Amino acid sequence: MFKKKYEIIQDAPAPISWDTYAQESYREYHDLLQTCGNEESVFQDFFERHPSFVPGAFELFGTSGHYPHTQSLIAEPQLNGGLFTRIPDFIWLAQDSLFFTPVLIEIEKPNKKTFTTNGVQSAEFTQALGQIAEWKAILSEPENVLQFYR
């Protein structure tokens with residue numbers, strides 16, 4: 001179900017500082033926005049390598065302050081629920097003292113148009129909103145929620 005996308009390297013180089021990481025990763029992200037804005041898969045790969053860019057890790061009902069379960073971002077898990085099979089781009093397993101809540105994340109290509117030149121919602125944006133509505137409908141059914149947790 002889950003694919004391992006890492007390997008443990010003996011005698012690996014020392015980690016870089018957070019400031020260096022932030023500068024380098026922001027530069028890479030900015031470059032991708034300029035050169036690959038129509039390629040969602042490029043951003044999928046970037047977010048897999050830089051999960052700190054993916055929102056939702058600390059947000060259940062406001063900011064929780066608790067790290068996600070296993071401190072892991074899960075990329076493209078296959079979710080089977082009887083009558084549905086879906087593959088979100090990412091899931092954070094968010095948690096706090098009272099709740100455990102999967103946060104489903106669907107990314108879109110950054111250059112996707114939200115509105116037409118006439119100010120009307122674009123078909124691409126309507127499709128993205130439709131994905132959210134579909135997830136809400138599926139997960140509003142208690143049996144689907146139970147299947148999801150299984």
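**Aromatic pairs and nonpolar cores**

Helix 1 spans residues 18-35 and holds both Trp 18 and Tyr 21, which sit 3 residues apart, about one turn of the helix; helices (H or I, at least four residues) and strands (E, at least two) are DSSP runs numbered from the N terminus. The model is a predicted one, in which local features need pLDDT of at least 70 and side-chain atom pairs count only at pLDDT 80 or more, while totals for chains, interfaces and linings use all residues. Residues are numbered from 1 along each chain as its sequence is written, and side-chain values use heavy atoms, with hydrogens and water left out.

Rings of Phe, Tyr and Trp (its six-membered ring) were taken as paired if their centres lie within 6.5 Å, with planes under 30 degrees apart counted as stacked, over 60 as edge-to-face and the rest as tilted. This rule gives 11 aromatic pairs. For Trp 18 and Tyr 21, the ring centres are 5.1 Å apart and the planes meet at 45°, so this pair is tilted. Trp 18 is exposed at 57% relative accessibility, whereas Tyr 21 is buried at 18% (buried, under 20% relative accessible area; exposed, over 50%; partly exposed, in between; 1.4 Å probe, protein chains only). One aromatic cluster is formed by Tyr 26, Tyr 29, Phe 43, Phe 46, Phe 47, Phe 53 and Phe 90.

Next come the nonpolar cores, each a set of buried Ala, Val, Leu, Ile, Met, Phe, Trp, Tyr and Cys residues joined through side-chain atoms within 4.5 Å. The largest has 15 residues, and Phe 43, Phe 47, Trp 92 and Ile 105 make the most contacts inside it. Helix 2 (40-49), strand 4 (90-95) and strand 5 (100-105) each supply at least two residues of this core, the largest share, 4 residues, coming from helix 2. A second, separate core of 6 residues includes Ile 74, Ile 91, Leu 93 and Trp 135.
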